[in-house]
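Work through these exercises with the model open beside you. Try each task before you read its solution.

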4 protein chains.
Amino acid sequence: MPQKTLNVGLIGYKFMGKAHSNAYRQVGRFFDELEVKPVLKAICGRDEAGVQRAAGLMGWEGYETDWRKLIARDDIDIIDIAVPGNLHAEIAIAAAKAGKTILCEKPLGNTAAEAKAMYDAVREAGVKHAIYFNYRKMPAITLAKQLIDEGAIGKIYHWRATYLQDWIVDPNFPLVWRLRKDLAGSGVNGDLNAHLVDTARWLVGEIDEVSSVMETFVKQRPELAATDDRMGGVASDVMGEVTVEDASLFLARFASGAVGTFEASRFALGRKNYNQFEINGSKGSVQFNMERPNELNIYTEDTHAGTFGYRTVSVTSGQDPYSGHYWPTAHNIGYEHTFINFLFDVFTALGKDEMPSPNFYDGYVNNVILETVEKAAETKKWENVPSV
Amino acid sequence: MPQKTLNVGLIGYKFMGKAHSNAYRQVGRFFDELEVKPVLKAICGRDEAGVQRAAGLMGWEGYETDWRKLIARDDIDIIDIAVPGNLHAEIAIAAAKAGKTILCEKPLGNTAAEAKAMYDAVREAGVKHAIYFNYRKMPAITLAKQLIDEGAIGKIYHWRATYLQDWIVDPNFPLVWRLRKDLAGSGVNGDLNAHLVDTARWLVGEIDEVSSVMETFVKQRPELAATDDRMGGVASDVMGEVTVEDASLFLARFASGAVGTFEASRFALGRKNYNQFEINGSKGSVQFNMERPNELNIYTEDTHAGTFGYRTVSVTSGQDPYSGHYWPTAHNIGYEHTFINFLFDVFTALGKDEMPSPNFYDGYVNNVILETVEKAAETKKWENVPSV
Amino acid sequence: MPQKTLNVGLIGYKFMGKAHSNAYRQVGRFFDELEVKPVLKAICGRDEAGVQRAAGLMGWEGYETDWRKLIARDDIDIIDIAVPGNLHAEIAIAAAKAGKTILCEKPLGNTAAEAKAMYDAVREAGVKHAIYFNYRKMPAITLAKQLIDEGAIGKIYHWRATYLQDWIVDPNFPLVWRLRKDLAGSGVNGDLNAHLVDTARWLVGEIDEVSSVMETFVKQRPELAATDDRMGGVASDVMGEVTVEDASLFLARFASGAVGTFEASRFALGRKNYNQFEINGSKGSVQFNMERPNELNIYTEDTHAGTFGYRTVSVTSGQDPYSGHYWPTAHNIGYEHTFINFLFDVFTALGKDEMPSPNFYDGYVNNVILETVEKAAETKKWENVPSV
Amino acid sequence: MPQKTLNVGLIGYKFMGKAHSNAYRQVGRFFDELEVKPVLKAICGRDEAGVQRAAGLMGWEGYETDWRKLIARDDIDIIDIAVPGNLHAEIAIAAAKAGKTILCEKPLGNTAAEAKAMYDAVREAGVKHAIYFNYRKMPAITLAKQLIDEGAIGKIYHWRATYLQDWIVDPNFPLVWRLRKDLAGSGVNGDLNAHLVDTARWLVGEIDEVSSVMETFVKQRPELAATDDRMGGVASDVMGEVTVEDASLFLARFASGAVGTFEASRFALGRKNYNQFEINGSKGSVQFNMERPNELNIYTEDTHAGTFGYRTVSVTSGQDPYSGHYWPTAHNIGYEHTFINFLFDVFTALGKDEMPSPNFYDGYVNNVILETVEKAAETKKWENVPSV
């Protein structure tokens, strides 16, 4: 079959750049039915040696060292933004003006105002857009969505979520970019709560109001001497101020009447990537934990009386739109496949000239909620989430 | 050895009466070293047929149908209060005036004012007192306390607790006494959050301020036609108003600087008695769940590098003051043993003429915190916990 | 109601004596419907100081130091045998001749010949008899039996069981009686495999043939200087030979066509009381582990398509004949309750003048199977289990 | 750096062909340090339409429909054999004669004689060879090997392994190639036990003797009408005989003195890909389950006294040679990465002109052990594993 392609220009080549590159390479290998497939045209980064090496390693045809040049290229259809949040708005608005399709990492903006400007820009330009809330695309979470939509869980009463990590408990861990407000915009809010909020909105619906507490447990850390390829770096002997929150906890009321808890922290020793939620409804419950990402725990009372219990379901058998494309049942997939599945949905939508989901609208609402959480932490009151 | 005994008069013969009776019968059988042991002198209830039957079944020498008569008896040393909360204050104050030692079920009062009156009364009378926060005495929780006290967990950053049940999700479940404010004082706050608050205070320390949300998901239920021996009953065909909360969630700041979440609900399908907490500190974490009560999950980094992980410890080998008195390792004990262990501590203290712990002070503070949670739910602001 | 009682004489006052005593004291407290209840008449042991102390602690009216005298007493209706296996046959046969009801600890005999003699004796005497295969009475295992009997698991293909402990991995652990063939008859076979074999027979049916391997990993240990109240003791500085097996593994073919594995070991570090089995049938599976004794894991495919998975069921709600007598759902019971439940069944049967189950027949068959396992380890061939 | 490449010709394009193709594409993307990288030169299959489509989808430069032509091509350095076992020997011997490096799926041969011929052929030809025992390369299993090698587990007493699946419990599931002896050589032995045996040999050492039982529970099934891309197919309405075993269980004695159990079955409802083992040694234990492939459960007693317990370790942080090349801690990898890691080791070895591991020697010994298992099932005796 004659196949269409779209040329991608990716900005950023560290952790997220690596994850996105892998997904572009792999999506067409597992999702043969895609009518439009990506071409890894160019990757962009400021350090020429670094980006050149990344281009070769990650499979890009070429590279750029200036994102403006990348956007200016006629042979680029899609701009993928995988850099720290302080650059998202400027790049995305420029890309929108240039008529590019835009795929952006989360959080959309470092502030709700930035996010609004980005959302306005893509609508004004009439371009397609999407945001990497990749966890929606984990088959187990998608199955949870399906169960909720078909009514198997009933009316939802409770949302209960944590995103816990422990990589900065050591006070000598250095001031990487994620600990700097000027670069990351926030701490665990934009990094971790952004994911929980997206999953909650998708599964439970919109959030009306929040009450919160935020805390920075270690207020000074060594400045960063050098980064590594994962999430760490080398500490210098100069101390600097931590300008973001280590932990952010909030209560929420949903429009549906459900109540919820959210907690994000990088100070939970023993929890490595504990992106976890539980939903309790009038007919059943679901529970998920990204540390065991192929499993959905489900409780319903539609089986043999007296034998009700949470059951662990291996969501690897094609119960969802993704898992059937990979391996046999319980031959697990992993973290990287959330990005591949995300791109499957994005390129499916682009092939039909439809808007992908989730997109900048979801990113904008997400930013507004996170900003309301910050506000509530300051006012020490319940705060309404402004409508957008 | 010549052994001292103390005569007990127990008020209440349903669920808690049964649990207390069992503990009185059993404590001396497993804790031979006790120098003072209880005698099951009399049990008290309003329904003569019921209480007579209970006396025989549960091993009491006699019975009374009027608690005032029980308190008036000279041969009673200890009054044990195991009735709904609306009667606690009146009974306890009368018993204090009569010079009795008092062991009271939680919550101490149905209001903080009642609790204060009770605490004042026992201090004025100079009598010994204790409160059945029995979960402190589960060996796994006691081991957590020991680890915290010796510094193995380090400075505590996070408390994260839920007490979830699902026995009233069905809207046709009737209006048992626990769903009536006039009898129970509150819903999940006094019933479930009271336990979480006690464990939190014991393990993490005092709570400074709270923000909360409370909800009653099912606002009308059938009136109760008859009770059963467990927690249920028979529904009539008349509807009545549910006057207590089904769920209560709150955020907390501890005096130590830790932050915490608390959630109690009877609407969490699949969670049957999910009295669960996790503590994250600078050196380690502990996690407990009453559905697997013999286990403490511990994370520390003092073992082989690269092999850190939460470990499941069977707390059945005498690592604590209790478990060594029962059976060999991993020959588990259960719920009822928390009461036996509680009485071991109480009678050990009484043998030394010391005040047992936890006692009415803990009950009073607990009531004050729960009332602050209720207040915060109304004001929709963070509220300081008044000092007592 | 006028209530009948039967007077019990218990021989043995260590671990099993303690467990049986507790069960006699408690069974009538939780199972009010019993028409015949035990009276703790006399406990028997050779060491007068020890047995006198035990009598007081464990609630017996009196004591004896000679089991023959106990059996000779007219006021004793039931003889309970809770001593090491080398004494079972002599005591049981004498008790049968004296017309007593006999409750005997497992294994019934130290050899199949002893077991046969005991079984012959009780039949000849026409007395009632039972054997303490107490794990049958754990509610979760009973529920497994119910599910199998009603066909929910279908035709059984696989049995897979382990009973693993780790209390003698240390080569300096002393030669307690369980490590001496003259007293215990065997090592893990009689102690642990006896339980697995009983559960297998109850749930899957009779065993036709076996192939096995047995091993003693630590062949010499310090002689015992003194015992303790649990399963250990104090090592002397004299070494002695370990005369029983540390581990015993066998394959089995069942009469039903199912195949199975059995493994018992005291050398499995980390497994404390891992009495565990899994059954796979044509319609479902069940899995149980005594370290989490209130849970049965069940797999069936009778619920929502695409959401099949092992579910963890809290067997604490009266799904079985026992759990409803104790506490509300998920207020767990423990090891000791298997003995209480056992006695409930025994005294229910005695009340109806029926033979309790399991009884000496089950003990005899069990001994025959274990002896066939020993034989197969020697011949290194599959061996048929002789019919009895 | 000037980089060497080796051209690969892959025979087979179904499940294993897909897994190998993915690994060839991905290995150089994550393991930048490789000095020799694969080129996906040609894929081979009999059905031209199918193989052509596969070549495009999976990233191969070209294709062949006759494996003899593929072997004859001068531009092919490596022959990868990913077809059913009945073709392994003929292809491998031809490839060896042609001087190719050979990577072969397991089991090496359909019989030990075939495996010997293959092993002889590669030695005679002096070519490099490897066998896809890919599970050795799961980071958690590699960590287990490291712990054992450094003595952290001590002397090994027990091996206990199961590989359980449930995809053919339905008697109407059709006669796919894995259920035909003429194609697959055996049932679960070559498919599942081959993996367990390899892991056991790697972690515990050589096996001296075995006793076994094998069973075919469903003896007739519908003939296959059409295959699918996973492990199933479409049933016709003609019945055919199942010529392989559904389950194979065996006991083993290792040369080291350890004893072990192995069980492979496709009739264990609820177990989807339960490739699971536990090792107990004198100092600790390890436990692994491929359904949670990023986790190793470890028990050692080198931490705080009284808090020993199995701990769940996320092996995703570079504790092993592989996991550090992918994503941050607890951002899990999956099944497909075992193949990528395998190729990393293979190409590392080829870059140094060394023999990869595991290789045809391991495959040959594996076949000999499996054949001894089959023999023991027939003789119903313990059988010695012949030395090779």
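**Exercise 1: A strand inside**

B:V259, B:T261, B:E263 and B:S265 point one way from β12(B), B:G260, B:F262 and B:A264 point the other way, and all are buried. Buried means under 20% relative accessible area, exposed over 50%, partly exposed in between (1.4 Å probe, protein chains only). Strands (E, at least two residues) and helices (H or I, at least four) are DSSP runs, numbered from the N terminus. This is a predicted model: local features need pLDDT of at least 70, side-chain atom pairs count only at pLDDT 80 or more, and totals for chains, interfaces and linings use all residues. Residues are numbered from 1 along each chain as its sequence is written, chains are lettered from A and ligands numbered from 1 in the order in which they are written, and side-chain values use heavy atoms, with hydrogens and water left out.

Task: Explain why β12(B) is largely enclosed by the rest of the structure.

Solution. 
- Step 1. In a regular strand the side chains alternate between the two faces of the sheet.

**Exercise 2: The neighbours of the strand**

Task: Find which strands pair with β12(B). Two strands pair if DSSP finds at least two bridges between them.

Solution. 
- Step 1. Strand β7 (residues 156-164) of chain B pairs with β12(B) in the parallel sense, over 7 bridges. Here B:T162 has B:E263 as its bridge partner.
- Step 2. Strand β11 (residues 247-254) of chain B runs antiparallel to β12(B), and 7 bridges join them. Here B:A252 has B:G260 as its bridge partner.
- Step 3. Look at the turn. β11(B) and β12(B) form a hairpin with 4 residues between them. In that turn, B:G257 has a positive phi of about 105°.

**Exercise 3: Charges over rings**

Task: Locate the ring under the charged end of A:K18, then the ring under that of A:R271. A charge sits over a ring if NZ of Lys or CZ of Arg is within 6 Å of the ring centre and within 35 degrees of the ring normal.

Solution. 
- Step 1. The charged end of A:K18 sits over the ring of D:W327, 5.3 Å from its centre.
- Step 2. For A:R271, the ring belongs to A:Y274, and the charged end is 4.3 Å from its centre.
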